[in-house]
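Please read them with the sequence and the 3D view open.

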Amino acid sequence: VQLQASGGGLVQPGGSLRLSCVASGRIVSIKSMDWYRQAPEKQRELVARISSEGATAYADSVKGRFTISRDNALSTLYLQMNSLKLEDTAAYYCHIDTWFTEYWGQGTLVTVSS
């Protein structure tokens, strides 16, 4: 199974983007579905998480601005990003953690610039 992330791009501060991550096949025993990001010369950080039960959690830096969601089939993960800031510039990676393994998508680049 592969994860395909999309939706990144160039946006002005205050703008919005919606990232998507589609799994190429069925993934079972999911524990959580996440979005991470990695800015240049910084460590990868967890941005948002949605558990198998639907509970969500966010990094403090994105609370109130980003919303993580998924489809009922647990095959597509979304990240709605509003009120984007310069410091949100990073490569964004989707991640699915299961009881047996984990999956990473390729990064989709988000650049916030005026």
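1. Start with two cysteines. Cys 21 and Cys 94 are both buried. Please keep in mind throughout that this is a predicted model.

2. These two cysteines form a disulfide, with a distance of 2.1 Å between their sulfur atoms. The bond ties together distant parts of the chain: Cys 21 belongs to strand β3 and Cys 94 to strand β9, 73 residues apart. The angle about the S-S bond is 65°, and the link of Cys 21 and Cys 94 is right-handed. The count of disulfides comes to one.

3. Next, the nonpolar core. How many residues does the largest nonpolar core have? It has 29, and those with the most contacts inside it are Trp 35, Val 47, Phe 66, Leu 77, Leu 79, Met 81 and Tyr 92. The strands that each supply at least two residues of this core are β1 (3-6), β3 (17-23), β4 (30-38), β5 (45-51), β7 (66-70), β8 (76-81), β9 (90-98) and β11 (108-112). As background, nonpolar side chains tend to be buried together in soluble globular proteins.

4. Tyr 92 is one of the core residues with the most contacts. Setting aside neighbours within four places in sequence, Tyr 92 is in contact with Trp 35, Val 47, Phe 66, Leu 79 and Met 81, among others. Its contacts also include Leu 19, Tyr 36, Arg 37 and Val 110. A student can find Gln 106, Gly 107 and Thr 108 among the contacts of Tyr 92 as well.

5. Is β8 largely enclosed or largely open? Five of its six residues are buried, so β8 is largely enclosed by the rest of the structure.

6. Consider the strands that pair with β8. With β3, the pairing is antiparallel and runs over six bridges. Within this pairing, Leu 19 has Leu 79 of β8 as its bridge partner. With β7, the pairing is again antiparallel, and five bridges join the two strands. Here Ile 68 stands opposite Leu 79 in β8.

7. The hairpin of β7 and β8 has five residues between the strands. One of the residues of this hairpin, Leu 74, takes a positive phi near 60°.

8. His 95 lies in strand β9. Because its relative accessibility is 4%, His 95 counts as buried. Which side chains make polar contacts with the side chain of His 95? Asp 34 is joined to it by a polar contact of 2.7 Å between side chains. The side chain of Glu 102 makes another with His 95, at 2.6 Å.

9. Leaving out neighbours within four places in sequence, the residues in contact with His 95 include Leu 3, Ser 32, Met 33 and Tyr 36. Tyr 103 and Trp 104 are also in contact with His 95.

10. The count of aromatic pairs comes to one. The ring centres of Tyr 36 and Trp 104 are 5.0 Å apart and the planes meet at 55°, so the pair is tilted. This pair, too, links distant parts of the chain: Tyr 36 is in strand β4 and Trp 104 in strand β10 (residues 102-104), 68 residues apart.

11. How do the two partners differ in burial? Tyr 36 has a relative accessibility of 15% and so counts as buried. Trp 104 has a relative accessible area of 35%, which means that it is partly exposed.

12. Apart from residues up to four places away in sequence, Trp 104 touches Leu 3, Tyr 36, Arg 44, Tyr 93, Cys 94 and His 95.

13. Last, a loop residue. Ala 55 lies in the loop between β5 and β6 (56-58). Its relative accessible area is 48%, so Ala 55 is partly exposed. Leaving aside neighbours within four places in sequence, Ala 55 is in contact with Arg 49 and Ile 50. Ala 55 and Gln 80 are 25 residues apart along the chain, and their C-alpha atoms are separated by 16 Å.

Methods:
Residues numbered from 1 in each chain as written. Predicted model: local features only at pLDDT ≥ 70, side-chain atom pairs only at ≥ 80, totals over all residues. Heavy atoms only, no water. Core = buried A, V, L, I, M, F, W, Y, C linked by side-chain atoms within 4.5 Å. Buried < 20%, exposed > 50% of the residue type's maximum accessible area, 1.4 Å probe, protein only. Helix = DSSP H or I, 4+ residues; strand = E, 2+ residues; numbered from the N terminus. Contact = heavy atoms within 4.5 Å. Pairing = 2+ DSSP bridges. Disulfide = S-S within 2.5 Å. Polar contact = N/O pair within 3.5 Å; in protein donor to acceptor, adjacent residues only side chain to side chain. Phe/Tyr/Trp six-rings, centres within 6.5 Å; stacked < 30°, edge-to-face > 60°.
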